[in-house]
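Dear colleague,

The findings follow after it.

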Amino acid sequence: VIGMISSLFLYSIMSKIIPFKAVRPVRDKVHLVATRPYYSYKKNVLKAKLEDNPFTFLHIINPEFGAAKKTKPNSPERFKHVKDRYQEFLKEGILKQDDHNHLYIYKQTKEGHEFTGIVCGASIDEYNKDLIKKHEATLTSREQMFTTYLDIVGFNAEPVLLSYPHNNEIDSLLSEYTSSRPEYEFTTTDRIKHELWVLSEEQTKKIQGSFEKIEALYIADGHHRSASSAGLKKMRETNNNGGFPNEDYFLAYLIDEEKMKILEFNRLIKGLNGLSENEFLNRLEESFTVHSLDGQSKPKHQHQFTMCLSGKWYSLDCKNSIIDQDHAVRSLDPEILTQYVLSPILSIHDLKTDERIEFSSGVESLESIEEKISKNKFDIAFVLYPVTMDQVKKVADQNLIMPPKSTWVEPKLRSGLTIYNINE
C-alpha cells in the first residue's frame, strides 16, 4: 500500500523540466547568428542572407550553399554536412557551450506585445504519457525524417512551443528574474526585440519547483519536433545505442497560455467547382445566413465567417443546425467550413493535398488577400475567427485532432539562439 501511495505521489508531480548546457552564439554575434527557420524565408531572401551574412545559423542548415554538386535534400549525407558545418561554427568560436546547466528566460517583444517564457528540456516520458498533450497528427514520413536528422546531427536548434495554464507564482518569478539586464538584447529587421536571461542555479530550482505544480503542458507548435525526439529515444533504445542523458528530454519553450497569441488560418480557393457565383451563394444559404458587406471585414465572433468573392465581401453566420457544441472538433469553425462548404460544395476533401486551396495566416492583411483575388490568383477567400486556447485544450484533453491549419501561434521562435546538445 505504501509503495502504491508513493507511486501515485510521484506520478502526480508533473511537468518536469530540466536545465541544460545550451550551445549559444557569442554575445557580439548573436544578432547575426539567430534566425527564423529557413523554410519561412522566400528563396530570394534566403539566398541574400546566405550571401551577405557568414555567421547566420542558416549556413548550418544549408551547408552546401553555393556548391556545384549537392547531396539529396533530407538525406543522411546532407545531414552529415549539417553536423560538420555545426562543428565548424563551434571551432570558429561563433557558438560556445555553457559550462553549467541553466534554465533560460527568453522574451520577444512584437508590436508592443511581450512574450516571456522559459527555455528548458521537456520530458519525453511525460510526452509519452500524454502529460504533454497533443492536438495535431504527425506524418509518419516526416517524423522519421526528423528522427534521422536528430540522430545524425546530435542537436536541436528550434524549441517546441509548450503552453501552461496561468500561474501567479511562475509569473512573479519571471517578472523578478527579468528585472536585471539580459545576457542578450537585440532587435531584428522585422522590428522584433529579443532578450535572453541565463538563470542561476537557485533561480533554476525555484522555476522547476513551480512547474512541478503544473498538471499538464500543451503543444502549441512543434508536434513533429517533439514526436521525432520521442522517436529518437525509442530508436536508440531498440538499437541498444543510447544512454545519453539528454535523450530523455527535448528542447522546449514554455509560455503562459494567456500570454500566447492564437491567430486564424484563412482559406483561399481556386475555382467554384463548376458553379456560377449565384449558384454558389444559393448553396451557402443552405447552412449559413448570408449578408452583403460594404467592404473588407473580419468575423466578429465564433461561427461567423467573412468571404471575398470576386471583390465583393459577405458575412456567413452559421445556422444553429450545423453547430455541434458538444463535440470538441465538429464545433470548430475550420471544421465547420470544411464539412459544410469546402467538401460538399467545392469538392475539396483533403486540405493537405488539394492544390486548389491555400492557407493564409492571420498576420496577412485583408488588403493582401483581396489583391490576390483581384489578380485572379484565387476566386474565393474565407476569413475565420481565431480558435481559442480553451478549444485547443478541449481537443487535446479528449485525444482528438485539430483540423489542418487551424491555428497560427505566436511567438515564432528563432533558431540557433539556445541549441540543445542531445548527445551531451
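At roughly what angle do the axes of helix H7 and helix H10 cross? The axes of H7 (residues 140–153) and H10 (residues 223–238) cross at roughly 65° and come within 8 Å. Here axes are lines fitted to C-alpha atoms, for helices over the stretch in contact, with angles running from 0 to 180 degrees between N-to-C directions. Helices (H or I, at least four residues) and strands (E, at least two) are DSSP runs, numbered from the N terminus.

Before the remaining findings, two notes on the basis of the work. This is a predicted model, in which local features need pLDDT of at least 70 and side-chain atom pairs count only at pLDDT 80 or more, while totals for chains, interfaces and linings use all residues. Residues are numbered from 1 along each chain as its sequence is written, and side-chain values use heavy atoms, with hydrogens and water left out.

On the H7 side, the contact (heavy atoms within 4.5 Å) is made by Arg-142, Glu-143, Phe-146, Thr-147, Leu-150 and Asp-151. H10 contributes residues including His-224, Ala-227, Leu-232 and Met-235. By class, five nonpolar, five polar and four charged residues take part. In this scheme Ala, Val, Leu, Ile, Met, Phe, Trp, Tyr, Cys and Pro are nonpolar, Asp, Glu, Lys and Arg are charged, and the others, Gly among them, are polar.

Arg-225 also lies in helix H10. Arg-225 counts as buried because its relative accessibility is 14%; buried means under 20% relative accessible area, exposed over 50%, and partly exposed in between (1.4 Å probe, protein chains only). The side chain of Arg-225 reaches the backbone oxygen of Pro-159 at 2.4 Å. Leaving aside neighbours within four places in sequence, Arg-225 is in contact with Glu-158, Pro-159 and Val-160.

**A residue of helix H14**

Val-395 is in helix H14 and is buried, with a relative accessible area of 0%. Val-395 and Lys-134 are 261 residues apart in sequence, yet 8.6 Å apart in space, C-alpha to C-alpha. Beyond its neighbours within four places in sequence, Val-395 has contacts that include His-135, Ala-328, Leu-332 and Met-402.

**Backbone features in loops**

A cis peptide bond, with omega about 20°, joins Glu-410 and Pro-411. Pro-411 is placed in the loop between strand S20 (408–410) and strand S21 (420–421).

Ser-310 lies in the loop between strand S16 (304–309) and strand S17 (312–318), and is partly exposed at 42% relative accessible area. Lys-405 lies in the loop between helix H14 (389–397) and S20, and is likewise partly exposed, at 43%.

**Cysteines**

How many disulfides are there? The count comes to zero, taking a disulfide as a pair of cysteine sulfur atoms within 2.5 Å. For Cys-318, the nearest cysteine sulfur, that of Cys-308, is 19 Å away. Cys-318 is buried, with a relative accessible area of 11%, and Cys-120 is buried at 0%.

With kind regards

Key:
A polar contact is a pair of N or O atoms within 3.5 Å; within protein, one must be able to donate a hydrogen and the other to accept it, and residues adjacent in sequence count only if both atoms are side-chain atoms.
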